[in-house]
Amino acid sequence: MSPSISLTINGEARAVALDDPRVTLLDLLRERLDLPGTKKGCDRGQCGACTVLVDGRRVNSCLTLAATLDGAEITTIEGLALGEELHPVQAAFIENDAFQCGYCTPGQIMSAVGLISEGSAGDDPERIREGMSGNICRCAAYHGITIAVQEATRNMIRTDKEDAA
Amino acid sequence: MTLHRPESLDEALSLLGGGAVVLAGGTDVYPGLRDGPPPSRMVDLTRVAGLRGISLRDGLWRIGAATTWTDVLRAELPACFAGLKGAAREVGSVQIQNTGTVAGNICNASPAADGVPALMALDAQVEVAGPEGPRRVALEQFIRGPRNVDLRPSEIVSAVLVPEATGQGAFRKLGARKYLVISIAMVAAVVEVSGNAISRARVSVGSCSPVAVRLRGLEEALTGATVAEVPGIVAGADLPGLTPIDDVRASAAYRREAVRTLIARTITDAMEVRDVT
Amino acid sequence: MPDTLDPHVRFGSNSGQPVTRRDGLAKVTGTATFAADNTPDNMLYAVFVPAAIARGRVTGLDTEAAAAHPGVTHVLTPQNRPPLQGDPSDKPTMFSFRFEALQDDSVRYAGQPIALVVAETLEAANEGARLLNPKYERLTPRTDIDDAEPYAFEAAGFGLPANTVHGNPEAGHASAAQAIDVTYETAPQYHNAMETHAVVAKWEGDHLTLDMPSQAISMSCAGFAYYFGIPAENVTVRSPYLGGGFGSKAIPTGPYVLAILAARMTGRPVKMMLTRQQMFGPVGHRGQTRQRLRLGADDTGRLTVIDHEGIAATSTFDDFVEPAANASQGIYAAGALRSTHRAVKLDIGTPGPMRAPGEASGSAVLECALDELAEKLGLDPLELRLKNYAETEPGTGKPYSSKALRECYAQGAERFGWNSRPRAPGQMRDEDGLLVGWGMGTAFFPCPMFMAEANATLRADSTAVVETSAVDMGQGAWTALAQIAADSLGLPLDKVDFQAGRSGLPDGGVAGGSGHTATAGGALHAAGGDVIRQLGEIAAADPDSPLYGAGNAGFVARDGRLYVAGDESRSEAYTDILARSGGAEIAGNGSASRAPETAEQHAMNAHGAVFAEVKIDPDLCQMRVTRLVGAFAAGRIINPRLAESQLFGGMIWGISFALHEEARHDHKRGHIVNADLAGYHVPVNADVSGLDVITVHEEDPYVNALGIKGVGEIGITGTVGAIGNAIWHATGKRVRRFPIRIEDLLTS
């Protein structure tokens, strides 16, 4: 059986034929759809490297069977920037050296985008640390990550206010 | 293996049996899948109508089986649910909370399931749907042991039910890491206070026995206690339900000693929050 | 900052600037291509089956079931595995490890590859691997450090002496007025880079292309060439990005060799990516140690002896031994120094180098033992260290090439507020009633250099390309090395095309030992210098140049112009010089390594001081590091932003070592029970706050041409001991094992 599902990935509607019902969203993106920006770190939901947004919420793509996502909207690291213009979280990560090897970075950034849209942490560093604790960084760039998320949050709030004004 | 995504409970029930595996968020199911043979089929409940969400009817709060931990955190719920919300915030990571479900946490029946003590302290019941119609079973009876629940292959948990109650809930979790951690011990309490003394306390402890337990002897001993008296009562209480073991997370000796502090603090949390509001 | 090292080059235009990472854009947009991100056409997936037992042999594999699973194309076992040209049990170089590539049916540790399944999809390969359902003949595993007798040997780590003695330790013990004799243990730790080991292997005839993370590209080419019987130049390694290395990604391992073999056998590209669980076995770890330290001091606190004995676990079939006891050499001015090592052979995967190998484990114990001695002497821990400050290298008497450790102590203590620390333990509580403790430790790491080569080519348009097979595993090499290269050519950073991260370039050496920036940077510096020298010769010989005849004065290269040294009014743009000379490119090359005579003349180390505050719940014993101040003197800092990140990272590894990391064996069955990231703890973001790094200014004219000492590993050293000492200071309880577990602080 080769069921087909429809997904909107980074704004683009796609019909995806699933060759195997066991395929996770992570392996679908990486091995079949040529979107390897999302990383595999543990394949068990223990590290957060595979974090993507599904219908706007951050989830571990390694713990999501692709077949259960028919009709879902997926955002990955490849779809975050608007053309040349980086998302504020991406820009803040570069500026605050919030990564070293860069492997957990796509997951960290997607998680940060999710965290900011949840709106529960604001720019409180303690809440940001907790909210980002589902993403392990072995290089331990946590200092920069916390500051980057703080800075991006402030920038996004500022931009929202300006837009509203 | 085939995956089914039924849209009604009846349709879901018709797909059960023959080694079918039921899933909702899948956060416990998928890691397990990689260690064993694939099931003949999987039944995804997330599309079943009416299975997601929290509502109150006839004195019972109903947490649908596909309700995620994030849904719990965002729901407007009375103060007695504060412990459940506290647990919701500490299940895995936010990524897990966004897909993992309350019912799934129960059905997985890990001794370290963060949600179970909080639900036990709320006297939760489990609503089971099956070919012979629905039945209800107290959560304490539903979980029989580690990875062992009172659920036949032809049945599905359709909801978790919590009787309406007054009182204030609280939850504390002990882990070797500050977050993203499997519990060494966790305590949930729901406390009702009249004047400055406890009129009714419900206390449940996880990760210190094969299945989380209610501490009924302690609950009785706490009736009439003031905040100042709580630590002494907890310190002197007989807690036969707790049978901690040594594991990779902590020793039994540590758990035995620490859990009393954790219990006393959790009860105090629940009493002090009430004082403030 | 004036530079006297090389008359051709003025520093400061690029070096010393906190520029952001050159690979930053790729890393935040998901376009940085890590090994397993490659999916060439017609590719197969390979999955190995890890042994579930630790000792014995495989007696059965259901190869029929596996082969019959749809999508499975090949199943490799010791019965049908095609031959290798180099024996995996050989050690062709001193950096080689013996490994398992299905040469027989024996099992030497849990997690060892015992079969390989190749399939059209990852899902099919995984299911095929599961269907093999191995049967074993089990022998009693030996995984506890007490399960075997320690034995003596010649070399620890990579060729370090197993036994080193300076002075007369027995006399030191005899003359001590105060002495301590303590034994500590450190746990087995696993690198667990976020990117698990991965390879995409492709053969074209007898040419092999490997997309794989490698900390040592040339060495990897040579290694794989050996096992597959082809010339090293037939091996192409592409390693543009590494998802962390920490010492585990420098050498060929069994899983890689099996994947490459599968590619040769099938004639198709093969991808293998280890699962997280498979990282706990065949790809190295930091060996468990038991260390005994005997310290003696006179009445005033001057050390009469540091006597450091280490026992480390290694595998039954290889001999990498964590050189922990060597951490006591070279740091404190003791009357006598003795470091000895013995090993215990266990049924475990072979340990290997892991971030600060030896130094991390050894420093942890040395710094705690010193704290115990300070307590006994009634001295402040910092005072004890200052009393034993080594002005020259203890034992050898060699002068240090530079040593700003005293400034590190002073600046770190000042920032931390160390002076108000009460001497006795258990004296401080915070507003929430938590026990508060302060501890400190000395950080120390040698400054090795390896061998590296580089090319630089200046083009007619005043842009340049520089080349070296250097690797960036997150330390920031692409950025820092490009800064060095740009300075060596007197060009702005954006005019330099920096080529690295693959074979086919001049050998960039090894990213390890905190020596990569110094070594590869030294080669780039020399290559750029070679270009500028040639350019200067052309200009000085050209009557049409303002620089004509100024060759003897020398030149300064800056912003694409050559200036006469000492006479800034005479200068000319590179473009003009090159235009008149026919517009040809100028190619230069350079190499770097440490001259043996330099190493003879000076002791070379980076130093630092780490101060830690912990808070501990008095009833639950939960420990939290709430402040960590590290002051480090590491010579010239090429990029402060990235160096600070390295030091933060190292210090957090110190938190991890002190409080979290530990692989726990089931000694009855021999496997690791917490072989995943839920069970094997490293800190999460919420575990880390209150970090502060100070880089203390230090100029070193001897260590290398660039004055670089390296910052990759020193952050762990000092930190572990500081945290252990802070826990004692908070509680009065001395825990003599790492990681310190919550139950270790139980009072009853």
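Predicted model: local features only at pLDDT ≥ 70, side-chain atom pairs only at ≥ 80, totals over all residues.
Residues are numbered from 1 along each chain as its sequence is written, while chains are lettered from A and ligands numbered from 1 in the order in which they are written.

That bridge sits in a bigger pattern. Strand S20 (residues 435-446) of chain C runs antiparallel to strand S28 (residues 605-616) of chain C, over 12 bridges. Strands here are DSSP runs (E, at least two residues), helices are runs of H or I with at least four, and both are numbered from the N terminus. Two strands count as paired if DSSP finds at least two bridges between them. In general, strands of a sheet pair through backbone hydrogen bonds, either parallel or antiparallel.

Now zoom out to the sheet, which is open, has five strands in the order S19-S20-S28-S29-S30 (chain C) and shows mixed pairing. Strand S19 (428-429) and strand S30 (691-695) of chain C are at the edges with a single partner strand each, so one side of each has no neighbour in the sheet. Helix H9 (residues 405-416) of chain C packs on this sheet, touching S28, S29 (623-633) and S30 of chain C, and its direction makes about 145° with that of S29(C). Helix H14 (residues 640-659) of chain C also touches S28, S29 and S30 of chain C, with its direction at about 130° to that of S30(C). Axes are lines fitted to C-alpha atoms, for helices over the stretch in contact, with angles from 0 to 180 degrees between N-to-C directions. Contact means C-beta atoms, placed from the backbone, within 7 Å.

Over in chain A, helix H2 (residues 88-95) and helix H3 (residues 105-118) have axes that come within 9 Å and cross at roughly 130°. H2(A) and H3(A) are therefore oblique to each other (under 35 degrees is roughly parallel, over 145 roughly antiparallel, 65 to 115 roughly perpendicular, and the rest oblique). The contact involves Val89(A), Gln90(A) and Phe93(A) of H2(A), meeting Thr105(A), Ile109(A), Ala112(A) and Val113(A) of H3(A).

Finally, chains A and B meet through 22 residues from chain A and 20 residues from chain B. On the side of chain A that touches chain B, S4(A) gives the largest share, four residues.

How values were computed. Contact = placed C-beta atoms within 7 Å.
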